Amino acid sequence: SNGITKIITTGPPHSIHLIGLRLKKKHVKLHWVADFRDPWSEWDLLDTLYLSSIARKRHKDLERQVLTTADRVITIAPYHVQRLEMLGNRKVELITNGFDEDDFQKTKKIKTSVFTIRHVGIVDQLRDPRPFMQALKQLLLLQPDLKSQLVVEFIGNVNSLFKDEVTHDALLNDVTRFTDYMPHHQLLETSAHTDLQLLVLAHTAIAPGNLPGKFFEYLASGNRILAVGPLHGDAANVLRETRAGEIFEPANVEGIKEELLKCINAWRNDTSPTQRDVSMYTREELTRQLESLLLSF
């Protein structure tokens, strides 16, 4: 009744797509874009719900209806593009997460008095920073003087088991801080006096498609990134393309240790991080891509 000719549904929750599906069936000429921010039937979260075979089949049936009925389908990572194209037997568009350029234009890099490593976000059994902490401990044992030159801070919701392990380790406890939830504008301020951003990707079946929103703010900060996750995933490809950091499999503690030492030495020598081009991930550019898609039909 308001003359709307195009709609976008975004999930999860994927039930939102069922609204789009019903509207499309009721108004055949309506142009519908289904936007998947996470997978549906292959979402690792479903595995934690202990679904019956009937319930899982229902999810797959509804997903197939959405994928085959929507005029356009978009998702946030190349891995998810491939999977959804296979499930729906159709073309799927890629529009990744990104960052707001304005957020970083006012932040000026501040020289730190100690080498500062920060991790932002959830730490749980799927996002496990233990390999990094093992590498850090080995380095502290090799170079005891580092204890007074280094700090690592975890900002956000941290698994109590992991926190207990760190606090009961005298060496790690001396260099580790845990900070609860922090408003976004304060997070942006911390990036100005951070030397290394720690990225720990969830260890799941869909890990290759893990491109969390915070990753793009890490990119925008200009800080070096040390990531723990799959070497052949989408995050690894972005790191290689932008030259913003290195990624290591969780088992490669030695590689993590070597990279950490390299970053510390660069800080000691006051060496600036490698320049990177991340303009393709600004929200302005991503919105332009979405606009172009909407104007294409």
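Pro-13 lies in the loop between β1 and α1, where helices (H or I, at least four residues) and strands (E, at least two) are DSSP runs numbered from the N terminus. This is a predicted model, in which local features need pLDDT of at least 70, side-chain atom pairs count only at pLDDT 80 or more, and totals for chains, interfaces and linings use all residues. Residues are numbered from 1 along each chain as its sequence is written, and side-chain values use heavy atoms, with hydrogens and water left out.

The peptide bond from Pro-12 to Pro-13 is cis, with omega near 0°. Pro-12 is found in the loop between β1 (6-11) and α1, and the bond from Gly-11 to Pro-12 is likewise cis, with omega near 10°. Most peptide bonds are trans.

## Residues with positive phi

Tyr-50, although not a glycine, has a positive phi of about 50°. Its place is in the loop between α2 (44-47) and α3 (53-69). Tyr-50 counts as exposed, at 76% relative accessibility; buried means under 20% relative accessible area, exposed over 50%, and partly exposed in between (1.4 Å probe, protein chains only).

Asp-270 also has a positive phi, near 55°. This residue is found in the loop between α12 (253-268) and α13 (283-295) and counts as exposed, at 57% relative accessibility. Most residues other than glycine have a negative phi.

## Helix α1

Ile-16 lies in helix α1 (residues 15-26). Ile-16 is partly exposed, with a relative accessible area of 31%.
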